[in-house]
Amino acid sequence: MDFYVIVQLADATLRMAIPLLLACLAGLFSERAGIFDIGLEGKMLAAAFLSAAVSFATGSVWIGLLAGIGASLSLSLIHGIASITFRGNQLISGVAINFLAAGLTVVIAEGWFRQGGRTPSLSGAARFDGIDFPGALTRIRDKLQASPGMQFYSELVSGHSILVYVGLIAVPLSWWVLYRTRFGLRLRAVGENPAAVDTAGINVVQLRFAAVLICGVLCGIAGAYLSTAVQAGFTKDMTANRGFIALAALIFAKWRPWHAMGACLLFGLFFAIDNRFQNIQLDALWVVVILVGISALLTGYALRRDKIDMLVLGGLSAVLTVIALMLWGGMASGSEAGLFGSLMETVKLPGEFIQSLPYILTVVILAGFGGKAVGPRAGGEPYVKER
């Protein structure tokens, strides 16, 4: 694997991580204020559809972006009214938003465009194109012949859409807002002890609504990025559970912006492997070693966890061990060169396995492999003002 291939993989990782990162930061603001929001998926999906539809209708991707943010903000207001004003169950409200967005986007798209729940392909000013920095190479032939530094600059630094740079800037900006401003201090305090904040004369409801609206804006940008930058149009369920993966990344990052960026890049790497290396081939020996190694690691970690974690991680470990044994036995019985020779044979990893890597990582993280994560103490609890 030469350096340019590594740079291409890093480039794909960054592109795939941006919608996860924006959604993760959206959940960060909401949950830091004490509002659990599992409706990130629905907000992203609604924003992806409306931004693509409006971009096609108007020919302007910027108008489409504003429309996508508006769709996400509308769902955020619904979630805020249900969970803050009427003190409803925040989880049920989020689930309802996901179902609502999944159904409405397809129905409206079919009624509007008559293309099976899709929007027409976007082109020209109706989608975001990459920004080429000064001196950056644009042709593949030139990049292959360039120095490693120029390959890094031309492929990884330059050539992204503006929303990629917005996503990267959002990380330090979120850190600064949460940890260096009065608004951020109050927002975090609301998620920990809303009664104390209310006693200090600060409006808890107003702060929580502000957090929910910030969440809506970030989800809107994430959804618009998927349909107008990553792809050239909307397709059914195109978010592909990225909202739930963003929540897993948020837990893995322990509700901190910079850690959230690292977690999302890790998930983005698995998505990039799926896109760039769909036909991965390894020696059977390495496949067995990797499976057994992961199984041993999970088993050792599970023995120190709670009973439910032991069951989940231990079960996953047992499945990986069985797969390794089946591969070992199958290769040995089907080869005339003996066991060692069979293990030197090349094995093509199934494409379905590569596609499932981000979701496997999500299950592992939620099972507690990322360490104990304690969220805001008042998270998920409606605040009732004392009279």
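Both Asp-37 and Lys-43 are buried, a class defined as under 20% relative accessible area, with exposed meaning over 50% and partly exposed anything in between (1.4 Å probe, protein chains only). Their side chains meet in a salt bridge at 2.3 Å, N to O, a salt bridge being a side-chain nitrogen of Lys or Arg within 4 Å of a carboxyl oxygen of Asp or Glu. The model is predicted, with local features requiring pLDDT of at least 70 and side-chain atom pairs counted only at pLDDT 80 or more, whereas totals for chains, interfaces and linings use all residues. Residues are numbered from 1 along each chain as its sequence is written, and side-chain values use heavy atoms, with hydrogens and water left out.

The structure holds 5 salt bridges. One of them joins Glu-155 and Lys-143, whose closest N and O atoms are 2.9 Å apart; this pair links distant parts of the chain, Glu-155 lying in helix H6 (residues 148-157) and Lys-143 in helix H5 (residues 140-145), 12 residues apart. Glu-155 and Lys-143 are both buried. In another, the side chains of Asp-11 and Arg-15 meet at 2.9 Å, N to O, and these residues are separated by about one helical turn because they stand 4 residues apart in helix H1. Asp-11 is buried, with a relative accessible area of 1%, while Arg-15, at 27%, is partly exposed.

The chain has 16 helices and 2 strands, taken as DSSP runs numbered from the N terminus (helices H or I, at least four residues; strands E, at least two). Helix H2 (residues 40-58) comprises 19 residues, and its end C-alpha atoms are 27 Å apart, in agreement with the 27 Å it should span at 1.5 Å a residue; the expected span is 1.5 Å times one less than the number of residues. Of the 19 residues of H2, 15 are buried, and the helix is followed by Gly-59, whose phi is positive, near 80°. Helix H3 (residues 61-85), with 25 residues, reaches 34 Å from its first C-alpha to its last, close to the 36 Å expected, and is followed by Arg-87, whose phi is also positive, near 55°.

Buried residues make up 47% of the 387 residues in the chain. When residues up to four places away in sequence are not counted, Cys-24 touches Ala-246, Ala-249, Leu-250, Ala-260 and Cys-264, a contact being heavy atoms within 4.5 Å.

At the surface, Ile-78, Leu-100, Leu-104, Val-107, Ile-108 and Trp-112 form a nonpolar patch with about 540 Å² of accessible area together. Patches are made of residues with over 30% relative accessible area and no salt bridge, like charges being joined within 9 Å and nonpolar side chains (Val, Leu, Ile, Met, Phe, Trp, Tyr) within 5 Å; accessible areas come from the Shrake-Rupley method with a 1.4 Å probe, and for residues only the protein chains shown count as cover. Helix H4 (residues 90-113) gives the most to the patch, with 5 residues.
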